[in-house]
Amino acid sequence: MKNESIKTVLPKMVSIMLLLFLLFLLPVNLYVQMYMQHQTQRKSTTEMFGQLEQLIQANESELGDAEQEFKERCILAANLVAYHLEQLDKSMLDVTASRELAEKMDVDEIHFFTPDGEIVSGTHPQYYGFTFDSGEQMRFFKPMLQDRSLKLCQDITPNTAEQKEMQYAAVWLDDGSGIVQIGMEPRRLQQIMEENSLHNILEEMPFEVDGYLHVLDKKTYEIIASTSPKLNHQTIFEAEQLPYGKQLSNTIHLQYDGIKYCVYTKEYQDYILVRMYNSFSPVTRMLQSSGIVILYVLVGSIGIIMILRWYIQHKLSNNLAKIVCELQKIEKGSLDEIHIQTGIREFEELLLYINQMLNSVQLSRKHFLHLLNKSEIPFGFFEKNTFYHQTFYNHKLLEILEIQEHEPVSSEMQDCLEEKINEIKKYQISGHETIYQYCVHGKKKYLQLEQLEDAQSIVYYIADITHLWEEASQIKLQSQMDELTQLYNRRGFNEQMNLLFESPDALGFAAMLMIDADDLKAVNDTYGHFMGDRYLKAIAETLQTITKEKSISARLGGDEFAVFLYGFSCMADLESMIAQIKEERGSVFVQEKNYRQTLQFSIGAAFHTIDGTNFHDLMQIADERMYQDKKSRKIKRF
């Protein structure tokens, strides 16, 4: 079989794959483009219908405002006419006077009704004698006979006698002598209605030239308004052709005027919103877009082949030559790791396995070097070699774990050691990744466990650091105590509180006390800091004597103390303990010939769960109450 160069094979394979990809891409691209065109049209239709709905809604709101304004104007005109009539002798209100008043008030009709609801005078004598029972239009005002506070305005309606659009309003005269009715032709309102017709709304909306936007009457399917004026008031759709609903309908295709259209519909109030666009428009755009994509693919393919040739030459061939050179060094006896940065994952994996092989050769030497570095303290090691299927350990490991070698037989020693190591791992010291607490025969040990793992073995190193750990713990405890009072300092108090609040069930009834020594500065200034220290120590001894084991006490700094009482079974016992502390105020702790000093301190308490569940919040509340106590004690003394 003839061997071919990678420089020849790869470009040839890539060219064939690109050609197959292009043949596959063309139909897929056509399908995707068609799908995207439909999605785009659907999205734009949704937005267009949304804009149309907003315009219709705004138009209806504007018309409603105009109708309301015209009604208010009619009521106002009726009130003005009534006012004028009240100033005149109503018996003198003939046709001529009525028409003069109508012209003056800028109204079209004036009718004067008796209190019984009969027209007796006004601008139109032909209506004299009509009552509120003379037709549906007149009956609208009949409730005014029962309630003289009513002021009614009728909607625009055709005048019954003359069939012209009119709006009537009626009010009572203040003296109750009759009802005044005025009529006005809604010319301005009709003009506004014409300006805000659906036809005008559609004319304001931008729309594509190869389609239409219609608003149909939902009952008759008649086109009320359209972006094509010639289609107004026509019926070009039948009910069975045009499905619609509250949501945008799926695309349907209809033939109109010899052209096939894609149609979308949606129901809105009493209308059907319809959008039509030429079905061939998306196809034209799709073919243009596909042609551009194919051109890009061809240009990209040429570029890919050129880049591939460069990559094969400069990355594959050159890196392979470097690796072969390093392998020749290993053949001559060098065990140094190979350090070549190829930038190619497969080559990096190959170099990784080669380096692991080199590391395995030197593994035994590294193990012994590590043991020598750990020789300052007792340590043991345990190795599981998965390649040789053997176990290695030293006797010091058995001493640390207190395992008698004769107890398990040799075949069981590996299982025993693994069991012990897994047991050690269960009790990791918080905050330390490699230090564990190990209990054996009721005695605690602190072990440092490290694990090293490679391709063919796992090695555990275990050092007994119990003595070092206990010394460090003692130093840590001393760093948490206040040297003068032997109470916890602030850091120690916070750590103890954090530990205690990790088990809230142990708190029971509890309270935080903040205590401040009164007049410590005066004692220091008068009798010296030695006496001030005795003052602070006396307070600390008092707290320790009274609270005992149900408390955590601390000197936070200066003359400030904190005591947390907990574990009480009832509130009464807790309050009794606080009362005992307060009773110590005024007790004598120094009695000498020329000097007598009593304990004086201010105290504030905050109760767990009542005042809060976080001890920092309890300290803040208790501290505020302590300052209130200090302030009240000063007032009493002065």
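A: Let's start with a charged pair. Asp482 forms a salt bridge with Arg555, and their closest N and O atoms are 3.5 Å apart. A salt bridge here is a side-chain nitrogen of Lys or Arg within 4 Å of a carboxyl oxygen of Asp or Glu.

Q: Where do Asp482 and Arg555 sit in the chain?
A: The pair links distant parts of the chain, 73 residues apart. Asp482 is in the loop between α11 (466-479) and α12 (490-501), while Arg555 is in strand β18. Helices (H or I, at least four residues) and strands (E, at least two) are DSSP runs, numbered from the N terminus.

Q: Before we go on, what kind of model is this?
A: It is a predicted model: local features need pLDDT of at least 70, side-chain atom pairs count only at pLDDT 80 or more, and totals for chains, interfaces and linings use all residues. Residues are numbered from 1 along each chain as its sequence is written, and side-chain values use heavy atoms, with hydrogens and water left out.

Q: Back to the pair. Is Asp482 buried or exposed?
A: Asp482 is buried, because its relative accessible area is 13%. Arg555 is buried too, at 16% relative accessibility. Buried means under 20% relative accessible area, exposed means over 50%, and partly exposed is in between (1.4 Å probe, protein chains only).

Q: What about Ser553, which strand is that in?
A: Ser553 lies in strand β18, residues 551-557. Ser553 counts as buried because its relative accessibility is 9%.

Q: What does Ser553 contact?
A: Leaving aside neighbours within four places in sequence, Ser553 is in contact with Leu487, Tyr488, Leu543, Thr547, Ala562 and Val563. Contact means heavy atoms within 4.5 Å.

Q: How many salt bridges does the count come to?
A: The count is twelve salt bridges. One of them joins the side chains of Asp155 and Lys71, at 2.5 Å from N to O. That pair also links distant parts of the chain, 84 residues apart. Asp155 is in the loop between β3 (152-153) and β4 (157-158), and Lys71 is in helix α1.

Q: How accessible are Asp155 and Lys71?
A: Asp155 counts as partly exposed, at 46% relative accessibility. Lys71 is partly exposed as well, at 23%.

Q: Which other residues pair up in salt bridges?
A: The side chains of Asp133 and Lys142 meet at 2.8 Å, N to O. Asp133 is partly exposed, with a relative accessible area of 44%. Lys142 is partly exposed at 35%. There is also a network of salt bridges linking Asp516, Asp518, Lys630 and Arg633.

Q: Why do such side chains pair?
A: Side chains of opposite charge can pair when their charged atoms come close.

Q: New topic. Which residues touch the most other members of the largest nonpolar core?
A: Leu513, Ile515, Phe561, Leu565, Ile578 and Ile581 do, in a core of 30 residues. A nonpolar core is a set of buried Ala, Val, Leu, Ile, Met, Phe, Trp, Tyr and Cys residues joined through side-chain atoms within 4.5 Å.

Q: Which element supplies the largest share of this core?
A: That is α14, with eight residues.

Q: And what does Ile578 touch?
A: Ile578 touches Ala511, Leu513, Leu565, Ala605 and Phe607, not counting residues up to four places away in sequence.

Q: Which residues does the second core include?
A: The second, separate core has 22 residues, including Cys74, Val81, Met105 and Cys153.

Q: Last one, the whole chain. How many helices and strands are there?
A: The protein chain has 16 helices and 22 strands. Buried residues make up 40% of its 638 residues.
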